Amino acid sequence: MMQPPRVPGQAVRRVAMTAVGACLPERVLSNADFERMVDTSDRWIRARTGIRERRVVEKGTGASVLAAAAARDALARRGMDPEDIDLIVVATVTPDTFVPATNCLVQHLIGARNAWGFDLNAACSGFNFGLAAVTQFVASGAVERALLIGADVMSTITDYQDRTTCILFGDAAGAVLLEPAQDGEGILGFHHKVDGSGSDLLVVPAGGSRLPASHDTVDNRQHYLRQDGRRVFRFAVRSSADAAVELLEELDIAREEVAFLVCHQANARIIDAIAKRLGMPQEQVVKTVHKYGNTTAASIPTALRDALDGERIAPGDILLFSSVGAGLTIGTSVVRWGGERGPA
Ligand code: UT7
């Protein structure tokens with residue numbers, strides 16, 4: 001698992017993230033807005049989740065629009081032309097359409113006419129799983145430059161009549177550029193898991209092949225995300241921390257060597273509990289959940305962009321990406337940050 005599989009006749013290269021882009025919609029939904037929509041309070045939301053506000057798109061905005069904006073941001077930081085991109089992978093649970101896949105729309109929107117790609121659904125672990133997938137292509141030499149984008153328009157599958165879920169989610173996209181690494185940087189390893197026995201804990205019941213859309217599914221609000229919050233909470237804390245410990249052991253990296261924990265931003269209490277289990281102080285924890293809420297596949301790359309903007313992360317730092325999502329999926333990756341490479 002630690003080393004990418006070899007492709008016959010081709011070298012295995014280490015792979016680095018060389019630029020990070022993000023797109024957050026302008027429209028803000030505050031806790032006060034939710035007080036007017038459902039039976040809740042700013043106090044309850046802040047105490048139980050740490051969230052103060054989240055961003056949402058204007059109606060009719062597909063994930064591809066946010067994804068393309070995040071991709072353009074990453075490319076601009078690297079001074080790279082869209083035509084230089086070979087592969088675009090979009091991690092999302094809210095594609096513009098089931099058919100065609102969203103990466104095709106992004107490819108067209110940004111003018112990456114030499115790129116192929118695919119979509120990937122690992123819910124909140126989409127970025128972590130995507131990182132493992134895209135790394136293989138660059139490591140094997142099959143592609144030189146790839147964009148991995150986590151993009152979700154959660155407002156389109158959020159039930160704004162259900163106070164137990166609606167306060168949690170926001171819309172966003174984050175994009176990373178992956179290229180062959182230079183010395184002293186790169187993706188060091190990953191340790192991902194799936195536990196399908198928990199598939200009913202976090203689910204959009206209708207709209208797929210088992211329960212296609214019908215008048216009944218719409219009337220019963222079955223196109224919105226439902227979750228057993230308490231069970232997901234417990235699972236997230238335990239499994240994230242355990243997976244992180246396992247991966248660090250496999251990589252022979254001491255916990256003290258990790259500079260920053262960049263968790264999926266679902267709930268500040270979950271992030272704090274994971275950090276506590278790993279013995280990491282608050283200064284080493286990246287948090288954006290208070291201002292963006294849970295943005296599913298976008299949360300880790302947008303949190304990374306936020307920490308870079310705050311100049312918290314320095315070249316050489318070891319970063320631990322940790323996520324739990326619908327599936328259930330558990331994603332853990334370790335990266336040695338080499339710094340944003342800037343224009344080529
Ligand atoms: O992205 C990955 C997937 N999702 C997650 O990681 C989410 C994981 N779960 C959570 O973050 C938390 O479980 C929630 C934030 C969803 C809920 O927090 P909690 O501390 O687990 O609350 P709870 O579900 O145990 O509910 C406690 C009480 C209940 O009332 P009773 O039964 O004690 O009378 C709820 O009905 O809080 C009530 N409640 C609310 N009250 C005010 C639930 N939602 C709200 C609300 N405002 N928005």
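Let's start at helix α11, where Ser-299, Ile-300, Pro-301, Thr-302, Ala-303, Leu-304, Arg-305, Ala-307 and Leu-308 are buried. Keep in mind that this is a predicted model. The helix covers residues 299-309, and since 9 of its 11 residues are buried, the rest of the structure largely encloses it. After α11 comes Glu-311, which has a positive phi, near 55 degrees.

Now step back to the loop between α10 (289-292) and α11, which is where Thr-296 sits. Is Thr-296 buried or exposed? Its relative accessibility is 2%, and buried means under 20%, so Thr-296 counts as buried. What is it in contact with, once neighbours within four places in sequence are left aside? Thr-296 touches Val-93, Ala-123, Cys-124, Asp-152, Met-154, Phe-169 and His-264.

Next, the ligand. There are 23 residues around it, and Thr-40, Arg-163, Arg-230, Asn-267 and Asn-294 come nearest. Thr-40 uses its side chain: an N or O atom there is 2.6 Å from a nitrogen atom of the ligand. With Arg-163, a polar backbone atom is 2.8 Å from a ligand nitrogen. For Arg-230 we're back to a side chain, with an N or O atom 2.6 Å from an oxygen atom of the ligand.

One more stop: the second largest pocket, with a volume of about 200 Å³. Its lining takes in Arg-27, Leu-29, Met-37, Val-56, Val-57, Glu-58, Lys-59, Gly-60, Ser-155, Thr-156 and Tyr-160. Sort that lining by type and you get 5 nonpolar, 3 polar and 3 charged residues.

Notes:
Residues numbered from 1 in each chain as written. Predicted model: local features only at pLDDT ≥ 70, side-chain atom pairs only at ≥ 80, totals over all residues. Heavy atoms only, no water. 1 Å grid on protein atoms, 1.4 Å probe; cavity = no way out; pocket = protein on both sides within 12 Å on 5 of 7 lines; lining within 4 Å. Points joined across faces, edges and corners; volume = space filled by probe spheres on them. Nonpolar A, V, L, I, M, F, W, Y, C, P; charged D, E, K, R; others polar. Buried < 20%, exposed > 50% of the residue type's maximum accessible area, 1.4 Å probe, protein only. Helix = DSSP H or I, 4+ residues; strand = E, 2+ residues; numbered from the N terminus. Contact = heavy atoms within 4.5 Å. Near = heavy atom within 4 Å. Polar contact = N/O pair within 3.5 Å; in protein donor to acceptor, adjacent residues only side chain to side chain.
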